Structures are given as C-alpha cells and as structure tokens.
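Please keep the sequence and the structure in view while reading.

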Amino acid sequence: MTIRQGLVKMDFREYLRAARLDPEEGDKTQYMTMGDKMVSNVFVNGQRNSPSVCSTYDADVTRFADAFDKLKAECDYKLTLNAVMLKVLVEGLKAAPRLNAHCKYNHTTTAGQYIIKKHIDVSMAVCKEDGRTFQMKLLHLEDKSLKEIALMAADARKRLDTADLEEVMFEASRQHIIGEMSKGNILMPLRQALSASFGKGKVVHLSKTLKSDFLKITGKKEFQPDSGIRIEEVNQGTVCFTNWGAICESTGLNIVSGPLLYPQVFLFSMGRLREEKYVYEDESGNLRLGTKKILPLGLNFDHKIGGAYELIPFIDRLEEIFNNPEIMYNW
C-alpha cells in the first residue's frame, strides 16, 4: 500500500513513522532516569495546577553587597551570597507568611485548601559537578541564625555530591506513590510504579532489594538508602529558592523565572549580581556618573492566593534589609 504525498510516494509503514515523528536512523535515544522522572512530574503538575505570575525585581544592593563583603571577611565560617540570600528570603517570608504556604485545588469541584505553614522549609536548588540540578530541603529555617543556615547549605551540597541520587530518588518516588494510594488515588501511582519497573524506560541502577521493596509497595517508613540524605530532604518544601545566577555565572544567561513546585505558591530566584552606571546630582547640583550594584530577583507566585499585593510586605522587608544592611550583623 502506498500513500501519495504531493509528488512523492511513501509506503504505509514510512507514512506512519513520519506521522508519529519516530526516531530516524542514527538518532540517539536516552530514557529518563528516576531523577528526571521526578523532576518532570513535579514541573508538569506545577504547570497544570498553579496559574503562576512571574515578576522581576531589580534590587539595588550596593550597600548590602559592601556589608556582605565585610562580614564575609570577618566571620569564622565560609559565608556565601547564597546563604545570605536564604536568610533574606526567610526574613521576607516572616513578613509575608501567605507566601510560605501550600495550596491544593480540585478542578472539578473548585474546592481547595490554603495552608499557611508553621515552619519555613526551603527547597534549595543545588547544581552538582556533572551539571544535574536537584532540590535539597533545608528544614525549619525560621529560627536559624545566618551561620546555621550557611553551614546547613554547605553540608547539603557536600552530601549531595557523594550520594547515590538514583536510589534516593527511587525511594522518594516510592514514598510519593504510597502517599497517593493512601488517599485513594490508585490508577496513576500504579502506572508510575509499573513504568519504573518494566519496559524500556525502567530504572536500571537499583539493587534487587530496592526493586522488590518498591513493587510490594509496603511503605516501610524506616527504610532509606545508604546515601547520607534523608528522604524528607528531597521532598517538597514550603517554598523554593533557586540561584540561577550561580548556575549560569560563566555565561551571559540570566534566568530569574521558573515553574512553581506544586503545591507551593512561591518561588524566589536570584540572578547574577551586576554593576550599572547611573547619573545622579551631587550636593552642588552637578550631574555625576556613579556605579551601583543590582541583584535581579524573580518572584513567582500562584495567582490562586490573590494578586500582586501579596508581595508588598515581602518586598518592603527586603528593601528594609538592603537599605540597612547592618541588620545582617545581628543574624
């Protein structure tokens, strides 16, 4: 059988292959790892369930950056801008607690829950040496000092570099599936379990013990892979922090936006610190050329929680810190 397409004749098999956009000879196929599957699932759920608003905020951090450099030279531990901005985020969330929340919504009934979280658990994006990025959750930051946050972030990065992430992701996925099934959602989690265990895209870098335990779906809460990472550290936090500026530091790329991690309602992202020239008027009324430091920040929020006014107390608190950077000496 042949199909006439313009002036070119194709047999039916070739026609179907072209219609399905099947791989051609010489193409290289790579199947998703367990980590890829989890990240994809989270992002797709975020796009489906969270109508997000993406906004940018160019913060003038000239005085703040100078105070940070001074504190960094004086403190008795390794202090990074990442750690300081984590503390800034925490302070902003204290002023705007509705951003530190989970929002669950039923599309069919239009009913939902808005849960303002007691603790501030930040899901921090960490880039490994091989280029892969994972979320590590830093727990209960609302009562942590700057030094404690800096040490926690450094420890998370160190443990992530030495962990068997495929096994960690496998166990985290298993826990997610058990949680969904316990809520009565049977079909989709079951399909996910079967997909991870059979077919061309199955997970192949796991021990037989892990595979067997996963297929049983028994939910042994005490079971965790020997990786140095607790399962709760890779689960959903209450808010997400991404430092795209550090990840893309060697390039001209400056990303300050990304998808929300459902059911979170807020994503705080940081771009590359840059210097800008500006014109100002001195005390004598003469125009002068000066330099200021700008830190681009991305503020993404779920529109279901309300409008942009939700960000006002958050931004006000950040402005207070950036204009009075001596505050960080008391952190």
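The model is predicted, and local features need pLDDT of at least 70, side-chain atom pairs count only at pLDDT 80 or more, and totals for chains, interfaces and linings use all residues. Residues are numbered from 1 along each chain as its sequence is written, and side-chain values use heavy atoms, with hydrogens and water left out.

The side chain of D66 meets that of K293 in a salt bridge (3.6 Å, N to O); the term requires a side-chain nitrogen of Lys or Arg within 4 Å of a carboxyl oxygen of Asp or Glu. This pair links distant parts of the chain, with K293 in strand β11 (residues 287-302) and D66 in helix α3 (residues 62-74), 227 residues apart. Helices (H or I, at least four residues) and strands (E, at least two) are DSSP runs, numbered from the N terminus. The protein has ten helices and eleven strands.

A search of the whole structure finds eleven salt bridges. In another of them, R274 and D58 meet through their side chains (3.6 Å, N to O). Because R274 lies in strand β10 (residues 274-281) and D58 in strand β3 (residues 52-60), the pair ties together parts that are 216 residues apart in sequence. R274 is partly exposed at 27% relative accessibility, and D58 is partly exposed at 45%.

The closest N and O atoms of R317 and E91 are 3.0 Å apart. The pair joins helix α10, which holds R317, to helix α4, which holds E91, across 226 residues. Salt bridges with shared partners connect K87, E91, K94, R317 and E320 in one network.

The aromatic side chains come next. Four aromatic pairs are found in the whole structure; rings of Phe, Tyr and Trp (its six-membered ring) pair if their centres lie within 6.5 Å, and planes under 30 degrees apart count as stacked, over 60 as edge-to-face and the rest as tilted. F241 and F268 are stacked, because their ring centres are 5.9 Å apart and their planes stand at 25°. F241 belongs to strand β8 (residues 239-243) and F268 to strand β9 (residues 266-270), 27 residues apart. F241 is buried, with a relative accessible area of 1%, and F268 is buried at 0%.

The rings of F266 and F314 form an edge-to-face pair, because their centres are 5.2 Å apart and their planes at 75°. F266 lies in strand β9 and F314 in helix α10 (residues 312-323), so the pair ties together parts 48 residues apart in sequence. Ring pairs link F241, F266, F268 and F314 into a cluster.

Which residues touch the most other members of the largest nonpolar core? They are L79, M85, F266, F268, L297, F314 and F322, within a core of 54 residues. Such a core is a set of buried Ala, Val, Leu, Ile, Met, Phe, Trp, Tyr and Cys residues joined through side-chain atoms within 4.5 Å. Helix α4 (residues 81-95) contributes the most to this core, with eight residues. In the protein, 41% of the 331 residues are buried.

Terms used. Buried < 20%, exposed > 50% of the residue type's maximum accessible area, 1.4 Å probe, protein only.
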